[in-house]
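Please open the model in a viewer and keep the selection tool at hand.

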Amino acid sequence: MRTVQRLISLFLLVSTSLVQANTQIDNLRIWLAPDNTRLVFDLNGPVQHSLFTLDNPSRVVIDLESASLNTDLSKLDVAGSPISKLRSGKRDDGLRLVLDLAQKAQPSSFTLPPNDQYGHRLVVDLATSAQQALKPAAEPLSIPDTQRDIIIAIDAGHGGEDPGAIGPNRLYEKRVVLAIAREVKRRIDAEPGFKAQLVRTGDYYISLRGRTSKARTANADLFVSIHADAARNSKARGASVWVLSNRGASSEMGRWLAQKENSADLIGGVGSVSLEDKDEALASVLLDMSMNYARTSSVDVAQLVHNKIAKFAKMHKKHIEKAAFVVLKSPDIPSILVETGFISNPGEAKKLRDPAYQKRMAKAVAEGLLEHFWTRPPPGTLVAKLKESGQLPKGMEREYKVVAGDSLSRIAQRNGVSLGALRSANKLKSDRIRVGQVLRIPAG
Ligand SMILES: [Zn+2]
């Protein structure tokens, strides 16, 4: 019995070392973000590695145990990255990779197990914090009578190592949504009093929390994440617009309160109120107010964007939807997520691939956002001033279809108009409304 066990463990030992001895680097990819460079080594098996830095000249050294190189490192285009040269050397027990740095960078590394797309990988990140993806957009309010721009953070989902959904003929979600995001930005920037910032400006990955924190750094008034759906059933289709679910919101509130010591400038959206110096009860009230504002605005924007898209696209559901998506969890920034259609549906994939359709989608998203802020501009903004002086763009009168549970007063409140104005715009004799009735919403 004991001999058998020994044999088994000996066999395991031998087979493990055999697997390790065979680990090869088959391919190498690079992703450039404004503040980070990611190297991904594709491996044919798991690997043990260690990473350290050397100075004069500045180098990052990565030792891989029992590994060998099966690709040409010089093929990699390192232009635009902090790496000046990539070298390798054999060691008794494996392989050494050396990254010569032309610029200071903070390295980190981790390995990833296989997934649908890739096999085993070693990822090396070089953070170059000096460059900032999003510069703080708002100037300090020291100059009197300065009206600030409304800042919209536009987040194209996925990127780099994470392609998102993949449709027929290698149609990648990460590319479709970046194209749409860029077009939304172009439209927003064309409007006086608005400034759009792309959270992701190229083909690289940003963590979900990284995306919301970039929006916060930019002092965003609104965060819009753009995606395309995928489902096993290739018949599934339709666009959808999402806001944070109540459950997601309340669990997030607990999270923010728990870490308030570390989040000095959390509530940027309501006059940069810090939770740091507040007692538990006051912090909780402030956070609750901020989250309520963010939630109400999110629902309004989502509904407007939903209606705009519904004019030309099939919608997945009749109403906006709710989920606990991490990117929607900013307590201080109204946030929506737009699924532009199912990339896994051949018919919708064909549309989403078409630049003309991407532009149409972008136009709908931009129009929804603009309409929200033209109706309810935040105080202190140029848009608020334009609205006050009656200089808002024409065609601002919009329509609203009554749903179950609506009341006229609530619709008026939600749209920032008086009950009287709503009554007279619709020539109503009483406040009774019916489900499905279409109301004209006057412009403020
Ligand atoms: Zn996605």
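Begin at the surface by selecting Arg 237, Lys 314, Lys 351 and Arg 360, which gather in a patch of positive charge. Such a patch is made of residues with over 30% relative accessible area and no salt bridge, like charges being joined within 9 Å. Lys and Arg count as positive and Asp and Glu as negative, while His and the chain ends are not counted; the place of a charge is taken as NZ of Lys, CZ of Arg, CG of Asp or CD of Glu. Arg 237 is partly exposed, with a relative accessible area of 41%; buried means under 20%, exposed over 50%, and partly exposed in between, with a 1.4 Å probe and protein chains only.

The model is predicted: local features need pLDDT of at least 70, side-chain atom pairs count only at pLDDT 80 or more, and totals for chains, interfaces and linings use all residues. Residues are numbered from 1 along each chain as its sequence is written, and side-chain values use heavy atoms, with hydrogens and water left out.

Now display the whole protein chain as a cartoon. The chain has ten helices and 19 strands; helices (H or I, at least four residues) and strands (E, at least two) are DSSP runs, numbered from the N terminus. Of its 444 residues, 47% count as buried.

Next, select Val 40, which belongs to strand β2 (residues 36-43). Is Val 40 buried or exposed? Val 40 is buried, with a relative accessible area of 0%. Apart from residues up to four places away in sequence, Val 40 touches several others, including Trp 31, Leu 122 and Glu 161; contact means heavy atoms within 4.5 Å. Select Asp 125 as well: Val 40 and Asp 125 are 85 residues apart in sequence, yet 8.7 Å apart in space, C-alpha to C-alpha.

The following stops concern salt bridges. Side chains of opposite charge can pair when their charged atoms come close. Here a salt bridge is a side-chain nitrogen of Lys or Arg within 4 Å of a carboxyl oxygen of Asp or Glu, and the count by this rule is 20.

Select Asp 63 and Arg 91, which form a salt bridge with their closest N and O atoms 3.8 Å apart. Asp 63 lies in strand β4 (residues 59-65) and Arg 91 in strand β6 (residues 83-91), so the pair ties together parts that are 28 residues apart in sequence. Asp 63 is buried at 10% relative accessibility, whereas Arg 91 is partly exposed at 32%.

Move to Arg 216 and Asp 332, whose side chains meet in a salt bridge of 2.9 Å, N to O. Because Arg 216 lies in helix α3 (residues 208-217) and Asp 332 in the loop between β16 (321-323) and β17 (335-342), the pair ties together parts that are 116 residues apart in sequence. Arg 216 is buried, with a relative accessible area of 16%, and Asp 332 is buried at 3%.

Then select Arg 187 and Glu 183, which also meet in a salt bridge (3.8 Å, N to O). Both lie in helix α2 (residues 173-189), four residues apart, about one turn of the helix.

Finally, select Arg 29, Asp 42, Arg 121 and Glu 161, which are linked in a network of salt bridges. Of these, Arg 29, Arg 121 and Glu 161 also touch Val 40.

Note on methods: Patches are made of residues with over 30% relative accessible area and no salt bridge: like charges are joined within 9 Å, nonpolar side chains (Val, Leu, Ile, Met, Phe, Trp, Tyr) within 5 Å. Accessible areas come from the Shrake-Rupley method with a 1.4 Å probe; for residues, only the protein chains shown count as cover.
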